[in-house]
Amino acid sequence: MAGKADKKDKEKLSKFPEILCALRKERGISQKRAAQDLGISQALLSHYEKGIRECGLDFVIRCSEYYGVTADYLLGISDNRTGFDASSFTNDATGEMSLATLAGATQMLIDMIGASKNESAIGFCFDYYTLSLYRGALTMAKAGILPTELFKLDLNLGRELASAAIAVEDAKFIFVEDKSRTGGNEITNSALNTLIESAEKKILSSFYIE
């Protein structure tokens, strides 16, 4: 039994170097900068990232705080970076739409886009999604949720330019063949249906004037 446990621990540790290196590159940080921030030499960090040496628990904790992920994620035990259960989060007190619903609806839209043969619509949706997610990421950076090092543009300038680019995409929409309000009811009661209902309710409540 002990042999199996040791093998399992080694398998977990073998994922650590790869994940550690990927997180640094994801943030666009040099190995020298990361080593300085983590309080070790660049040579030692290089050894950790290559799996040449094994680190202690204190370093795992430091990396966990530095990259904003759980120790379980760093060790390859969990695919959840934050340990946060998305299904437990709701937009408001009514609990009508959860983060899991948003993720499901997004996946449905992406799948539909991928299956489409309308190149204009595919291009429009791809650009629109990219810009919208980028603008959302900027907001998260301003709120301190994402590291500012990810962005080359000033956060305020980036948001203004992204908003302008989205407005341009909206103007281009008239060139996408309009097939609205056609098709079957196969998405009724789906995550996408819930997303649309929630968004329309939010829009109406935001701009309704008595």
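Ser 64 lies in helix 4, where helices (H or I, at least four residues) are DSSP runs numbered from the N terminus. The model is predicted, so that local features need pLDDT of at least 70 and side-chain atom pairs count only at pLDDT 80 or more, while totals for chains, interfaces and linings use all residues. Residues are numbered from 1 along each chain as its sequence is written, and side-chain values use heavy atoms, with hydrogens and water left out.

With a relative accessibility of 13%, Ser 64 counts as buried; the term denotes under 20% relative accessible area, against over 50% for exposed and values in between for partly exposed (1.4 Å probe, protein chains only). When residues up to four places away in sequence are not counted, Ser 64 touches Val 69, Thr 70, Ala 71 and Leu 74. Contact here means heavy atoms within 4.5 Å.

Helix 4 spans residues 57-67, and its axis comes within 10 Å of that of helix 2 (residues 31-38), with a crossing angle of roughly 115°. Axes are lines fitted to C-alpha atoms, for helices over the stretch in contact, and angles run from 0 to 180 degrees between N-to-C directions. Helix 2 and helix 4 are therefore roughly perpendicular to each other; angles under 35 degrees count as roughly parallel, over 145 as roughly antiparallel, 65 to 115 as roughly perpendicular and the rest as oblique. On the helix 2 side, Arg 33, Ala 34, Asp 37 and Leu 38 meet Phe 59, Arg 62, Cys 63, Tyr 66 and Tyr 67 of helix 4. The residues of this contact comprise 6 nonpolar, no polar and 3 charged. For this classification, Ala, Val, Leu, Ile, Met, Phe, Trp, Tyr, Cys and Pro are nonpolar, Asp, Glu, Lys and Arg are charged, and the others, Gly among them, are polar.

A search of the whole structure for disulfides (pairs of cysteine sulfur atoms within 2.5 Å) returns 0. Cys 63 is in no disulfide, and the nearest cysteine sulfur, that of Cys 55, is 6.5 Å away.

Helix 2 also packs against helix 3 (residues 42-50): the two axes come within 9 Å and cross at roughly 105°. Helix 2 and helix 3 are therefore roughly perpendicular to each other. Gln 31, Lys 32, Ala 34 and Ala 35 of helix 2 make the contact with Gln 42, Leu 45, Ser 46 and Glu 49 of helix 3. By class, the residues are 3 nonpolar, 3 polar and 2 charged.

Technical notes. Helices (H or I, at least four residues) and strands (E, at least two) are DSSP runs, numbered from the N terminus.
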